[in-house]
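Have a look at the structure first, then read on.

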Amino acid sequence: MQKLAKDLYVEAGYVGVTVGALLTPDGFVCLDTPTHPVDARRWRQKLAQLSNKPVLFIVNLDHHRDRVLGNQWFEAPVIAHESTFERVRLLPELFKNGQAEVGTDAELATDLAGVRIVPPQLTFAEKRTLRLGEREVYLSHHPGSAPGAIWVEFPQEGVVFTGDTVVNGVPPLLQDSNIDQWLEALALLHRVRFPAKTIIPGRGAPMDKEALKPVEDFLRLVRRKAESLVRAKKTRADAAATAESLLDSFTVPAALREHYTRRLRAGMEYLYDSLTASEAA
């Protein structure tokens with residue numbers, strides 16, 4: 001666990017997503033939750049070492065399953081974008097039917113039998129401010145990586161939690177994405193006037209603005225590949241076959257290579273389908 005500022009913490013060591021926590025006079029605000037039950041218990045133990053105060057809220061930064069499955073272990077109201085609510089409420093039916101979100105870190109879990117989905121109870125459309133004692137936390141909608149993607153900003157500390165708008169060292173999830181909106185969100189982070197200097201990605205360790213360029217370059221690369229395949233009348237299978245070469249943009253452990261290949265394969269199929277549908281329209 002790394003201390004970012006007074007009472008503000010991040011943990012990037014769990015399988016799946018990067019999580020954070022703010023300690024307020026009344027309790028904790030958790031920024032996403034670990035996917036695996038064992039990691040959720042460890043995270044709760046770390047928080048308990050800081051304070052015996054309760055978890056007041058969980059903020060989910062998007063709907064990706066490995067970001068929301070751990071909600072059940074923290075017994076607190078969940079705050080998220082209204083689009084995230086719409087997608088999370090469908091998860092029990094998808095689990096019942098055995099449908100997997102291909103390529104997400106949730107695939108690595110072997111201990112999620114009987115999972116209880118906790119959907120958001122508090123939602124917003126564009127912006128929401130949490131007033132917690134003398135502290136204000138700003139939530140804002142930035143679609144691109146997901147329809148309901150949000151950021152959590154701490155302007156005084158110069159910190160922003162971006163969810164999957166930014167990833168560090170691993171392939172991003174491309175399903176349900178809009179590449180144009182995604183690049184617009186990254187451009188906003190780049191602006192000199194944007195208050196945050198420390199960026200907490202949805203996956204991976206904290207970074208600065210200089211580290212945004214590889215994410216932008218990769219998104220432009222996958223967009224070019226998908227567009228060229230559609231123009232050349234190639235097939236969906238051809239789009240999926242680009243996953244191996246795309247993964248070469250990252251240095252990942254050999255044990256996880258097939259996992260990330262599946263993630264990119266599913267993402268390229270999604271982009272291909274989206275472009276094909278747009279052309280048909």
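## Before we start

Two strands count as paired here if DSSP finds at least two bridges between them. Keep in mind that this is a predicted model.

Zooming out, β10 and β11 belong to an open sheet of 5 strands, in the order β8-β9-β10-β11-β12, and the pairing is mixed. At the edges stand β8 (127-132) and β12 (198-203); each has a single partner strand, so one side of each is left without a neighbour in the sheet. From one strand to the next, the twist averages 25 degrees.

## The seven-stranded sheet

Another open sheet is built from 7 strands, ordered β1-β2-β3-β4-β5-β6-β7, and its pairing is mixed. Which strands sit at the edges? They are β1 (2-5) and β7 (122-124), each pairing on one side only. Ignoring direction, neighbouring strands in this sheet are turned by 25 degrees against each other on average.

For a closer look at one end, go to strand β6 (residues 78-81), which runs parallel to β7 and is joined to β7 by 3 bridges.

Now for a helix pair. Two packed helices are described by the angle between their axes and the distance between the axes. For α6 (residues 213-231) and α9 (residues 257-280), the angle is about 55 degrees and the axes are 9 Å apart. Helices α6 and α9 are therefore oblique to each other, and α6 passes α9 in a right-handed crossing.

What does α6 bring to the contact with α9? The residues from α6 are Phe218, Val222, Lys225, Ala226, Glu227 and Val230. They meet Leu264, Met268, Leu271, Tyr272, Leu275, Thr276 and Glu279 in α9. Sorted by class, the contact between α6 and α9 has 9 nonpolar, 1 polar and 3 charged residues.

Methods: Residues are numbered from 1 along each chain as its sequence is written. This is a predicted model: local features need pLDDT of at least 70, side-chain atom pairs count only at pLDDT 80 or more; totals for chains, interfaces and linings use all residues. Side-chain values use heavy atoms; hydrogens and water are left out. Axes are lines fitted to C-alpha atoms, for helices over the stretch in contact, and angles run from 0 to 180 degrees between N-to-C directions. Helices (H or I, at least four residues) and strands (E, at least two) are DSSP runs, numbered from the N terminus. Angles under 35 degrees count as roughly parallel, over 145 as roughly antiparallel, 65 to 115 as roughly perpendicular and the rest as oblique. A crossing is left-handed if the near helix is turned anticlockwise from the far one by less than a right angle, and right-handed if clockwise. Contact means heavy atoms within 4.5 Å. Ala, Val, Leu, Ile, Met, Phe, Trp, Tyr, Cys and Pro count as nonpolar, Asp, Glu, Lys and Arg as charged, and the others, Gly among them, as polar.
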